[in-house]
Amino acid sequence: MRAYLIRRFMELIPTALIIVVGSFALVRLAPGSPFSSEKELPPEIRRQLDAKYGFDKPLPEQFARYLGNLLRGDLGPSTKYPQRSVNEIIADGFPISLTLAGVALVWSLLVGITAGIIGAVRQNTVWDHTAMAAALVGISIPSFVLGPLLVLLFALRLHLLPPAGWGDLQHVILPGITLGTIYAASIARLTRGGMLEVVRSDFIRTARAKGLSERLIIWRHMLRGGLLPVVSYLGPAIASMLTGSVVVEKIFNLPGIGPYFVDAAFNRDYFLVMGIVVLYAFFLLVLNLMVDVIYGLLDPRIEYS
Amino acid sequence: MTGIPPPSAAAEAPGNGGLVAGSSLWHDAWKRLRKNRLAVASGIVILVLTAACLVGPLVIATTWGYDYETQDLAYGARPPSWQHPFGTDFYGRDLLTRVLYGGRVSLTVGLLAAVVAATIGTVYGAVSSYAGGVVDSIMMRAVDILYALPYMFLVIILVTILGKSLLLVFLALGAVGWLLTARIVRGQVMSLKEQDFVTAARSLGTPAHDIVFRHLIPNTLGPVIVTFTLTVPSMILQEAFLSFLGLGVQAPRPSLGALINDGANQMLVFWWTLAFPGAVMAILLFALNFLGDGVRDALDPRMKH
């Protein structure tokens, strides 16, 4: 197991390098420059700015320098916000985006798995149909429609939660629900499908034959099988929760990473765009590795070699 | 997903006399789909909405003489009335016209992006699997890497590179959205390429590209169509995300996402500016998802429990 983990971790290194090279190429080969969107600058000033950020050097040299700084944990300066470094901007925004995605994840797992279990255990009853119809509605309502509706109901009519802005955990409840609902719906369908898949399998029959209680069979055996598709869905789901937070942050006016990223992409703020993409990519790589490991722990048929 | 039998000869050459007619996979699937009342109802809803979006703006323009950008400042922000069933927006533009026009944009972008994604994914997956060996590992490794990348961020970067035009939004979405199709097609081809008809074709000296495009890809169409129908609503949603962030279709041309963004900002004063675009968007996604589920159940009955 330990050897497997170390090997998988080593495999991440070339992947990470490819991602850095790829995103550097994508960002730098795009037409335009950080200083082209504003008024036409006098050539001397333009030259000085290029020299200040090192944009006058050949691209391979710039890349080598970027990689060196990256290894030391320095993501470079921001051209859009000259008084702040990319590290500072990310340190401000990323925890908020991460909290939002975390709340969304917890919400989607709680609601999704519960609805999925109800659907599978009470298959083809009113319970099942209600849960699955609700899931389909959940999949079809875009977050930017759901968000304003939740604000209208819980913040402006019932005054239970703040409508927008950032302060404490209360401020991420509505955004988290807004972001997580669509995933809750998918998880409900996956859980139900996965559990029904194992219902007819031999190990469930064995469990019944051993005289295990129905409750134990559901929780110990069926749920385990039912969660396998959910676990493999979690990698892409968390990735899209993290990036989907861009929209939700805009709805609820949260100062996360999202607004910075859209701004940075438009203004060709090379270091900020790169910094955010690289950070998220690394984060997701490690996360996908964790998902793989959890998958193996849940499914005894998988062996580590 | 390997349980789908290759379509019979009748499916590959439709209308080829009455020899084997009536027993093909496609015929059976069509029969099953027609029995699924929800899917049929969804199909009708989609047809009606599409027709309304295509013809509606034209009819309104010829009858009442205004289009999506005709302003009537004296008649700004009025609630629904007989003359303007969806009301008017802040600038006195007819909201019904704008919603219909926006729906046209959403449907076009969703459909084209899904076509781009399905095409890239199918060819990529088939080539990777048929080539096998090192080529296959490298190509699939690339898919793994892309899978781990922050998807929405890549689309945003692509949109800022390509420019904010309608034409390129669907290219950007499709260019990033083909991964799932590639994986599914690869899995299919893995089992297909060992079958006798491929060996026969190869022993006859059929060139590799003919085997891939004539023999392998047509036999993977079932799962590809299923993925395609479920990709359309997700692409429509992505386009709305982009428009919501101000990156999609540019004003004064409307798209559903942009209309919802406007509406969300003024929902407390002018509720109809959020309610109608939001409802149309939700109904459209709902119907497309229902139809997609129906197509999946029809083409792959094993999936249904």
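Predicted model: local features only at pLDDT ≥ 70, side-chain atom pairs only at ≥ 80, totals over all residues.

Biologist: OK. What does the secondary structure of chain A come to?

Modeller: Eleven helices and zero strands. Helices here are DSSP runs of H or I with at least four residues, strands are E runs of at least two, and both are numbered from the N terminus.

Biologist: And what box do the C-alpha atoms of chain A fill?

Modeller: Roughly 85 × 55 × 30 Å, taken along the principal axes.

Biologist: How much of chain A is buried?

Modeller: Of its 305 residues, 38% are buried. Buried means 20 or more other C-beta atoms within 10 Å of a residue's own, exposed means 12 or fewer, and partly exposed is in between, with C-beta atoms placed from the backbone.

Biologist: Take Arg65(A), then. Where is it found?

Modeller: In helix H3 of chain A, residues 59-71. Arg65(A) counts as partly exposed because 13 other C-beta atoms lie within 10 Å.

Biologist: Switching to packing. At what angle do the axes of H8(A) and H9(A) cross?

Modeller: Roughly 155 degrees, and the axes come within 10 Å. H8(A) is residues 202-209 and H9(A) is residues 214-251. The two are therefore roughly antiparallel to each other. The cut-offs are under 35 degrees for roughly parallel, over 145 for roughly antiparallel, 65 to 115 for roughly perpendicular, and oblique for the rest. Axes are lines fitted to C-alpha atoms, for helices over the stretch in contact, and angles run from 0 to 180 degrees between N-to-C directions.

Biologist: Which residues make the contact?

Modeller: H8(A) brings Phe203(A), Ile204(A), Ala207(A) and Arg208(A), and H9(A) brings Ile217(A), His221(A) and Met222(A). Contact means that the C-beta atoms of two residues, placed from the backbone, lie within 7 Å. By class there are five nonpolar, one polar and one charged. Nonpolar covers Ala, Val, Leu, Ile, Met, Phe, Trp, Tyr, Cys and Pro, charged covers Asp, Glu, Lys and Arg, and polar covers the others, Gly among them.

Biologist: What about H6(A) against H9(A), at what angle do they cross?

Modeller: Roughly 30 degrees, with the axes again coming within 10 Å. Ser143(A), Phe144(A), Gly147(A) and Pro148(A) of H6(A) meet Gly244(A), Val247(A), Val248(A) and Ile251(A) of H9(A). That contact has five nonpolar, three polar and no charged residues.

Biologist: Is H10(A) mostly covered or mostly open?

Modeller: Mostly covered, as seven of its ten residues are buried. Tyr260(A) and Phe261(A) are among them. The buried residues pack against H4, H9 and H11 of chain A together with H6 of chain B. After the helix comes Arg268(A), with a positive phi near 50 degrees.

Technical notes: Residues numbered from 1 in each chain as written. Chains lettered and ligands numbered in written order.
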